[in-house]
Amino acid sequence: MYTDSHCHITCDDLFERLDEIIENMKDVTSCMIMCTTEKEFKRALPIKEKYPKFKIAWGWFPGDAKDITEEHFNILQQAIDQKQIDCLGEIGLDYYWDTSFNEIQKEVFIRQIQMANAANLPISIHMRESTKDCMDILKKYAQTKIIFHCFSGSVETMKEALKMDSMISFAGPITYKNARQAPDCIKACPIERILTETDSPYLAPVPKRGKQNEPSYVEYVAKKICEFKNLNEEDACAQIEKNFLSLFNE
């Protein structure tokens, strides 16, 4: 019934209790594992093989851009060529922690968009304190479907994103009291363009805030969206899953 379009269940924090996490996911019928390292990606492959509900995304995270070499691009390209990933991401720009290598981030971002274009893969976007640069690059280079992961921007930015054949993915922060822009964004976004996610193990939603997040908690994100939009939960969740599956050429 529920869709988690973005979770890091193969990261070290969650992988040690993977069996429990998957057992808890009985009501999650579609899910995408986000991988930011080769180790996480290799952990994800047997999960997808065993459980058809899973998709795999992999890409080089913007915060790691300084360390990305040609060999890293070759490794990622090999996974693309072998059709082992369903989405390229999460990729993008993050100017929150360190702005000393913004230009390198842009280069790595553009290169990965071009790789996704060549393979006709959707891309999952990380956009933190970098809205203008990120949007400018996407408008110029992106040719495939886009997921704006954990969207927290303004209604105006969201409307610009929707013009780019994109899905807007909402996560746990929409349940927080200080989520000032979330209600307006959710109300303004057509249900046909909404995704739900956890970004687990981060950003656990209310009433699980402060705990380690996991995909089963996506239920609370979906319920909050239905509350804001005054929608029937079963119908809304069916549409959200349809949105998610429409990203992939199968």
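Predicted model: local features only at pLDDT ≥ 70, side-chain atom pairs only at ≥ 80, totals over all residues.
Let's start with the overall build. The protein has ten helices and eight strands. Its radius of gyration is 17 Å, close to the 18 Å that the globule rule gives for 250 residues, so the protein is as compact as a globular protein of that length. If you follow the C-alpha trace along its principal axes, the spans are about 45 × 40 × 35 Å.

How does the chain fold back on itself? Take the contacts between residues at least 6 apart in sequence: 70% of them join residues at least 24 apart.

The accessible surface comes to about 11600 Å², and carbon and sulfur atoms account for 46% of that. As for charge, there are 31 positive and 40 negative side chains, with the centres of the two sets 4 Å apart.

On to the inside. Of the 250 residues, 56% count as buried. The largest nonpolar core holds 74 residues, and the ones touching the most other members are Ile125, Leu138, Phe148 and Phe170.

Let's stop at one of those. Which residues does Phe148 contact, leaving aside its neighbours within four places in sequence? The list is Ile125, Met127, Met135, Leu138, Ala161, Met164, Ser166, Met167, Ile168 and Ser169.

Definitions and conventions: Residues numbered from 1 in each chain as written. Heavy atoms only, no water. Helix = DSSP H or I, 4+ residues; strand = E, 2+ residues; numbered from the N terminus. Rg over C-alpha atoms; globule rule 2.2 N^0.38 Å. Buried < 20%, exposed > 50% of the residue type's maximum accessible area, 1.4 Å probe, protein only. Contact = heavy atoms within 4.5 Å. Areas by Shrake-Rupley, 256 points an atom, 1.4 Å probe, with all protein chains shown as cover. Lys, Arg positive; Asp, Glu negative; His and termini not counted. Charge placed at Lys NZ, Arg CZ, Asp CG, Glu CD. Core = buried A, V, L, I, M, F, W, Y, C linked by side-chain atoms within 4.5 Å.
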